[in-house]
Amino acid sequence: MARRGMGEATEAKGGDAEESAPTKSKGFDWSRVNWPMLVGSLLLLVGFFLRWVHVDIAEGESAPLAGFEIGGELGTETAAAYYALFALPALALVLIFLAVRAPAAATYVGTSVGAILIAWAVFEVARFLYAQTFLGLWLSVAGAAVLLLAGLLTWRRHRKDAKVKKVVDAQLKKRAKKG
């Protein structure tokens with residue numbers, strides 16, 4: 001009769017008793033969780049309900065607004081696009097689920113959601129600042145963006161060139177020692 005369990009003896013066909021390998025616990029495997037996406041999703045969820053901006057109501061009076069208040073107030077006053085802010089907690093909950101249950105999918109969905117939200121935030125800040133700033137600021141921002149992008153692209157190329165130089169120098173040293 002064969003009994004199976006953690007560390008219990010089982011009978012082999014030849015009648016020899018052998019030690020079976022311990023069975024793995026059927027608990028959740030926390031090592032599979034996409035932790036960066038989980039943390040980002042939790043930050044998105046909590047941040048939606050916290051204050052975002054101070055708005056001047058009247059002279060000398062201002063009020064802080066949270067994400068859900070911005071979606072409601074600005075959605076009714078200016079544009080229905082602000083109602084899209086109410087999708088943030090839903091997206092955060094979906095991403096929390098994906099980070100725990102489907103880590104690979106969380107990577108793609110989270111990256112897309114993050115890129116869209118950051119692009120929207122940059123657009124809103126730029127739209128707000130455009131009304132209050134002049135061409136000099138925008139040329140400086142454009143120059144900084146070009147410097148950043150060019151620096152990142154050439155940094156990779158420079159690192160690649162440096163690695164090739166090291167390999168070539170090592171080969172030249174070997175040749176110099178031989179001859």
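Helices (H or I, at least four residues) and strands (E, at least two) are DSSP runs, numbered from the N terminus. The model is predicted; local features need pLDDT of at least 70, side-chain atom pairs pLDDT 80 or more, while totals for chains, interfaces and linings use all residues. Residues are numbered from 1 along each chain as its sequence is written, and side-chain values use heavy atoms, without hydrogens and water.

**Hairpin.** I checked β3 (residues 51-58) against β4 (residues 61-66): they pair antiparallel over six bridges. V53 stands opposite L65 in β4. Two residues lie between the strands, and I found G60 with a positive phi near 85°.

**Helix pair.** How do α1 and α3 cross? The axes of α1 (residues 35-49) and α3 (residues 87-101) come within 8 Å and cross at roughly 160°. Axes here are lines fitted to C-alpha atoms, for helices over the stretch in contact, with angles from 0 to 180 degrees between N-to-C directions. That makes α1 roughly antiparallel to α3 (angles over 145 degrees). I then listed contacts (heavy atoms within 4.5 Å). Among them, L38, L42 and L45 in α1 and L93, I96 and V100 in α3 are part of the meeting surfaces.

**L38.** Buried or exposed? L38, in helix α1, counts as buried at 10% relative accessibility (buried means under 20% relative accessible area, 1.4 Å probe, protein chains only). Leaving out residues up to four places away in sequence, L38 touches V33, I96, A99 and V100. L38 and L93 are 55 residues apart in sequence and 9.6 Å apart in space, C-alpha to C-alpha.

Terms used
Parallel < 35°, antiparallel > 145°, perpendicular 65-115°, else oblique. Buried < 20%, exposed > 50% of the residue type's maximum accessible area, 1.4 Å probe, protein only. Pairing = 2+ DSSP bridges.
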